[in-house]
Amino acid sequence: MTAIDPTAHLTAEQIEELGRELDAIRDDVLASRGEKDAAYIRKVISAQRKLELVSRGVLLFSIFPPAWVLGTAGLSVAKIMDNMEIGHNILHGQWDWMRDPKIHSTTWEWDHVSPSDQWKHSHNELHHKYTNVIGKDNDLGYGIMRVDEDQKWHPFHLGQPLWNFLNACFFEYGIAAYDLELGKNLHKRRRKNPEFRSRAKAVGRKIRKQVLKDYVIHPLLSGPSFLPTLAATFTANLVRNLWSHSVIMCGHFPEGVQVFERRSIKGETRGQWYLRQMMGSANISGSKAMHFMTGNLSHQIEHHLFPDLPSNRYAEVAVKVRALFEKYELEYVTGPLPKQVFSAWHKVVRLSLPNKKPKLKTPAREQEVLAA
Amino acid sequence: MTSTALRSRAWKLLEMVTTPLLPSDYLDLVSPLRAGADLRGRIEAVHPETGDAATIVIRPGRGWRGHTAGQYVRIGVDVDGVRLWRAYSLTSPTNRRDGRVTITVKAIPDGKVSNHLVRRVKPGTLIHLDQATGDFVLPRTKPAKVLYLTAGSGITPVMGMLRDTEFDDVVMVHCAPRPQDVIFRNDLHDLVADTKLRLTEVHTDTDGMLDIARLDELVPDWAERETWACGPAGLLDAAEKHWAEHGVPERLHTERFRPTVVVAGDGGEVTFSTTGRTVDADGATPLLDIGEAAGVLMPSGCRMGICFGCTTPLTAGAVRDLRTGEITEAEPGVLIQTCVSAAAGPCAIER
Ligand code: FES
């Protein structure tokens, strides 16, 4: 945790009251969830599919530069929609209540090299439960970076600006490796673990299919436009990767976001859990279109509080959540995309070096609460 | 290479083109009723029958295999964004020229689907369909004399029969609270006018419930008739007893609309249908814990309702969401998060 605990002024009762108020916000949305929301996700899915179809169609003629530009732009947007507003949110179970087996967390597969079920485990189960807990939440630097003073420095971290850049370019592969816990599992003994092997095989299959589709089949279908189509697909994947990496970095890395010690979550109450989500996440401000293209992860704070509420409702939830931040005198970390991206990158660069000052020992939140 | 092999090769290639989606995901955008698609239907019209019943005209997709008079169809309708499945008797004859089928729905109090269909649904709506099924049907060889004994919406499968097959000697006894509650009253009276049907209406608001012993007086030769009966359980129980007592149980065919009454209590017996284990559960312990304690392999993750890693089909009974108190009843396609659901009465989950 950073030098000063920004929640130290809250009493245990206040934290539980905060929890109840957040529960009430959640209940409001649940009670009003219905036809309009269902129509929304159906519309987004159908728009995404049409955009992808049309873009792929245009790319058949990508030997002509205008067609290349148009098709590549369309495909990039389609891929971003698939990953962000559609895939990420469906895999969170946000739309399970519709009971439509085609738009369900148990059946959805996305345009991404990490198979849905593996991603669901590492993301929904580990990251969302242990948000920003050092040693438990691997999203804190994805196991290759140091993004908080409290994480131990290692000479390996000197290269982290480079690692982060490479990770951004090949983000979907980074995520697949991350979901496999490749770093840990490549150790000699673990490599043979049958469970790991079967998961690695599944990733291999998915990669094969994705690569075959993007870099062989579609270029072949384009005939004389083979190479331009290949380049277009590569570009679209790159754009999608850079974009989603940027958005996701903004979720937990900008300055002002807190991290937590392992022991601080022992026996955590509902209120404390909510508080950790509030302090451990950051938003991006911007237009409706921006929120849409980030899959509403620009409302990262709201998403972390209520990961299973439909994404189209986060904007209205955000108003109420922000009011609670003010009421309880907490810092709502948000800002425009360039600012947040810069802030996150700045941290990555800064923390590639060891800490300057000796670390201040601060009491864990739990002790504060007990003392209060 | 044979043409089927060729076609399956082509399909494989198409799958590679659309991966990770399927070609059908794209085809559904333009042609949801095509052959080979999941079976769907389009609602083309809604005709009111009585104050609380309406006939829905459906154009089924190309995969529809037709039906036999008296059968029912399960339909999946989105109500307030949630897909709900219900079974309704088909009321159209099997040889309708335009290929449409009809169901006739009576709105029951608090019935989510029936009220939606009778009062709110708009022509043009796509619904999901199963193939027609049910063995409450007419035999291949025509019986000489027929009796239809119906009450309330129990008339719907029988109307499908009446419209489908003509018999020389048909009698119908139908019960409804008041004359205006008789579904298909005009159609029935037309049949009577054409001497194709002899009809007795019992209006239970004024005449009282039908006493099965009165059949002797309403239809003296009832015991010689091949009988199809459909209505509330009380009527059918009485009929089955009556026919059995007179030694002609094989002449009686009944159809029960399974009542969807689930008693939502506090805790109950939980059956894990795959492993065949049954244990008692209280109303406060998550089914995930109950299953694990019973040695059933339960998928799990966060154990706090956020990861959806524990979703499991609920196949019978009802459960309560421990966070919101909301009750979820078993229906085909219903999955529950076992880590935040407790038994609300006896229930069964697929594990
Ligand atoms: S175990 Fe995570 S939702 Fe049930």
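**A ring pair and its surroundings**

Mentor: Both A:Tyr142 and A:Tyr178 are buried (under 20% relative accessible area; over 50% is exposed and anything in between partly exposed, with a 1.4 Å probe and protein chains only). The model is predicted, so local features need pLDDT of at least 70 and side-chain atom pairs pLDDT 80 or more, while totals for chains, interfaces and linings use all residues. Residues are numbered from 1 along each chain as its sequence is written, chains are lettered from A and ligands numbered from 1 in the order in which they are written, and side-chain values use heavy atoms, without hydrogens and water.

Over all chains, the structure holds 13 aromatic pairs (rings of Phe, Tyr and Trp, the last by its six-membered ring, with centres within 6.5 Å; planes under 30 degrees apart are stacked, over 60 edge-to-face and the rest tilted). In the pair of A:Tyr142 and A:Tyr178, the ring centres are 6.0 Å apart and the planes stand at 90 degrees, so this pair is edge-to-face. A:Tyr142 belongs to the loop between α4 (116–129) and α5 (160–169) of chain A, and A:Tyr178 to helix α6 (residues 171–179) of chain A, so the pair ties together parts that are 36 residues apart in sequence (helices, H or I of at least four residues, and strands, E of at least two, are DSSP runs numbered from the N terminus). Ring pairs also join A:Tyr142 and A:Tyr178 with A:Phe171 and A:Phe253 in a cluster.

A:Phe171 leads on to A:Asn241, since A:Asn241 is in contact with A:Ala168, A:Cys169, A:Phe170, A:Phe171 and A:Glu172, leaving aside neighbours within four places in sequence (contact means heavy atoms within 4.5 Å). A:Asn241 lies in helix α10 (residues 226–252) of chain A and, at 4% relative accessibility, counts as buried.

Let us now turn to the meeting of the two chains. Chain A gives 43 residues to the contact and chain B gives 34. Between them about 3100 Å² is buried, 59% of this area coming from carbon and sulfur atoms (the accessible area, with a 1.4 Å probe, that two parts lose on being put together, summed over both). Of the area that chain B buries against chain A, 19% is supplied by B:Arg83, B:Ile306 and B:Phe308, more than by any other three residues.

Five salt bridges are found across this interface (a side-chain nitrogen of Lys or Arg within 4 Å of a carboxyl oxygen of Asp or Glu). B:Asp38 forms a salt bridge with A:Lys102, with the closest N and O atoms 2.9 Å apart. On the side of chain B that touches chain A, the elements giving two or more residues are α1 (3–18), α2 (23–30) and β4 (82–89) of chain B. The most comes from α2(B), with four residues.

Strand β4 of chain B is also the place of B:Trp85, which is buried, with a relative accessible area of 19%. Not counting residues up to four places away in sequence, B:Trp85 touches residues including B:Arg74, B:Ile75, B:His128 and B:Glu331. The C-alpha atoms of B:Trp85 and B:Val113 are separated by 8.1 Å, although the two are 28 residues apart along the chain.
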